[in-house]
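Subject: Structure for you to look at

Hello,

Here is the structure I promised to pass on. Please open it first, then read my notes below.

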Amino acid sequence: MSMETRPYLLHALSPLHAGTGRSVGIIDLPIARLRATNIPFIPGSSIKGVLREARRGLPEGEWEALFGPLRKVSGAEGDEAWEGDHAGALVVGDARLVALPVRSFVGTFALVSSPLLLELARRDLKGLEGVPERLKRVEGPLARVGKGNVTVAPEHGKLFLEDLDLDVQEEPAVEAWARFLARALPEEEELMRERFVVVDDETMSFLLETATQVDTRVRIDSTTGSVAEGALWQEESLPAETLLVGVLAAGPSLRQKTPLGAGDVLNRALRETAWLQLGGKATVGRGRCRMAAWPGPSKESRR
Amino acid sequence: MWLASSRERWGRSAPEQAHAGLEYTRGAPLAVLRNEDPDARENWLARLARCKEPARYAHAYRRWRQSLHSPDTLCFTVRALGRVLVGHGTSAATRVGLTLQHTWGVPVLPGSALKGLTAHYVQTVYGPEADDREEPEREPFRGTTWKDTRPIRAPGALFRRLFGAPDLDDSTGKATQGEVIFHDALWVPAEEGRGAPMLARDVLTVHQRRYYESGGQEWPVDFDDPNPVSFLTVAPGGRFLVALEAPGDRPLLERAEHYVKEALEHWGLGGKTAAGYGRFAREEPMGDHASAAARSPAAVLQSTPVLAELKTWLEDQRARKVGQRPQFQQLERDWKERLLELTGEGRQAAVYLLKQYFNLKRGEEQQRMEELLARLST
């Protein structure tokens, strides 16, 4: 059986809250992070369910072939196999952060990445044409930028991000990365190119902790019009304009009478830009994202 | 690396380059924080009030607008009749906060504020007046009843559909998600209409300080020194794009729209509504049509999910060489309803698309096709 993989880019249009539901810190509802590296991510399981709904327009047979049939009975009783039962052909991987928008005193915000984030992204992007070279680690704190970055303060030649002042160095590979990421979303190229910044890994892990969006929310008591007792909480999210990268994989369809090759499965899953509502707090507008793939041939067939 | 004195000097960067939210919460000059010089505070706020929307914001807004072209969403713009103050309880150097969009630093009406306001409005205006009185026609609008932090009574049927309901402890009601999505209402950039200033300075003067500080123990008298507190609010005249979404249920969506509009007009959003802040008027969708005329059918096709889907389907049919008549029959069966749900430019684009792919020569199919095109064209 041959599997094919294809990377995708997630672009957040509104704050994105993929939460853990519990907290040990001062933020009541923090976002999910990878255990070892503390990098924010969105579990593939949340993406798959939403993608399934977004692709309702597919013919019934193909839809089931991609995502697997829905259980007829929920719970443990539904575990029994029935005639024609099969697994979905599509595998949805986690989406990992690749660039975090960080507020800047000059140029509104920078899309900040780091050698580690890019190296992990390179792993996912393997197989695509023109993936930029790895960026060398450097002694921090230092920010590397491309030509014409709008977030560099012209008088000081420094970057003022949130609470940090960072020295700046020009590096052509940074621009190459911005251009490469923008190939999945061509109309965003200017915006990404002029704001893309690569900081050292230590600075990045500081920003991952401190530069996310934290909203204070309350519940108002409808009889008094003031905050209900004990109903004040803080909620963390990845800000709008965040970029994440993940991988979709697929095998051939396992559904009888719906023959689809692995490539067809991926084409149907990614065929046009999808608007998805991902993560928690969706009914107050959190998590509107678009999912896009890089154009061009996919030669990453693995046997 | 940490707060250097050079920070004080970026103050000269152009107002369309700055991030108003970041400067307001994290960038106050030391003189303001130490309260040394009243002029410093005034100058600083005046500078912030001159902030304009960032250079690329209009692009981000257009893309947001495009993502909302679907029959499941309903958008309208509202104009602020007075000042708006959302999030004044959050921390800021001036001790009065202000919620701005995190990434772009432009004013925003958070989806959570819109949803909370609308829920509150619906249960107060349409819901039962008291817990015990029998009012069957008002029952669907009943809000969730809370005791401290626990819900003790499930909301009415319609309230539950619009806003969802929490789990009850005694398992008489299960939690459900609200069916309507209240998106953040984003600031409408200047190029989409009359450009209005984003922020404005405001002042609140406390006259009876000792009365408030003692919690009413001391009498309010006129001998206290007035204590003016200056802060920022969203300026009057700003426009916001309210966007609601409810997959597959247009009537519910229109109901939600009606309540949001009423609540924004009558009650107002955010803080200090008792002093007239936060009132909005819904704008006639005139501006929409003007901009719609400028969009080509191809652009509409791309941004409307139903039509993009239809186009893929049609291409597929053509590739498989399905005959025109069976293809049309299937179109009637699977697509007609969905196409008729479209409005305005969506319908025009649908006509454009169908004319491209269908060329029925005769028979009743041809007549039915013409009927469909006529219905879409009205």
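Below is what was found, first between the chains and then inside one of them.

Keep in mind that this is a predicted model.

**Chain A against chain B**

Chain A brings 54 residues to the contact, and chain B brings 51. Together they bury about 4,700 Å². Carbon and sulfur atoms give 54% of that area. On chain A, look for A:R103, A:F105 and A:T283. These three supply 18% of the area that chain A buries against chain B, more than any other three residues.

Charged side chains also pair up here. There are 7 salt bridges between chain A and chain B. One of them joins B:R56 to A:E194, with N to O at 2.9 Å. The two chains also share 15 residue pairs in polar contact, counting pairs with both residues at pLDDT 80 or more. Strand β10 of chain A, residues 213-220, gives the largest share of the chain A side, with 4 residues. By class, that side has 19 nonpolar, 16 polar and 19 charged residues.

**Inside chain B**

Chain B has two parts: domain 1 (56-114 + 181-282) and domain 2 (297-377). Their centres lie 42 Å apart, taken over C-alpha atoms. How many residues of each domain are in contact with the other? Domain 1 has 4, and domain 2 has 7. The area buried between them is about 450 Å², with 63% from carbon and sulfur atoms. B:Q66, B:H69 and B:P71 supply 86% of what domain 1 buries against domain 2. The count of salt bridges across this interface is 0.

Best wishes

Terms used
Residues are numbered from 1 along each chain as its sequence is written. Chains are lettered from A and ligands numbered from 1 in the order in which they are written. This is a predicted model: local features need pLDDT of at least 70, side-chain atom pairs count only at pLDDT 80 or more; totals for chains, interfaces and linings use all residues. Side-chain values use heavy atoms; hydrogens and water are left out. Contact means heavy atoms within 4.5 Å. Buried area is the accessible area (1.4 Å probe) that two parts lose on being put together, summed over both. A salt bridge is a side-chain nitrogen of Lys or Arg within 4 Å of a carboxyl oxygen of Asp or Glu. A polar contact is a pair of N or O atoms within 3.5 Å; within protein, one must be able to donate a hydrogen and the other to accept it, and residues adjacent in sequence count only if both atoms are side-chain atoms. Helices (H or I, at least four residues) and strands (E, at least two) are DSSP runs, numbered from the N terminus. Ala, Val, Leu, Ile, Met, Phe, Trp, Tyr, Cys and Pro count as nonpolar, Asp, Glu, Lys and Arg as charged, and the others, Gly among them, as polar. Domain bounds come from an automatic or database domain assignment.
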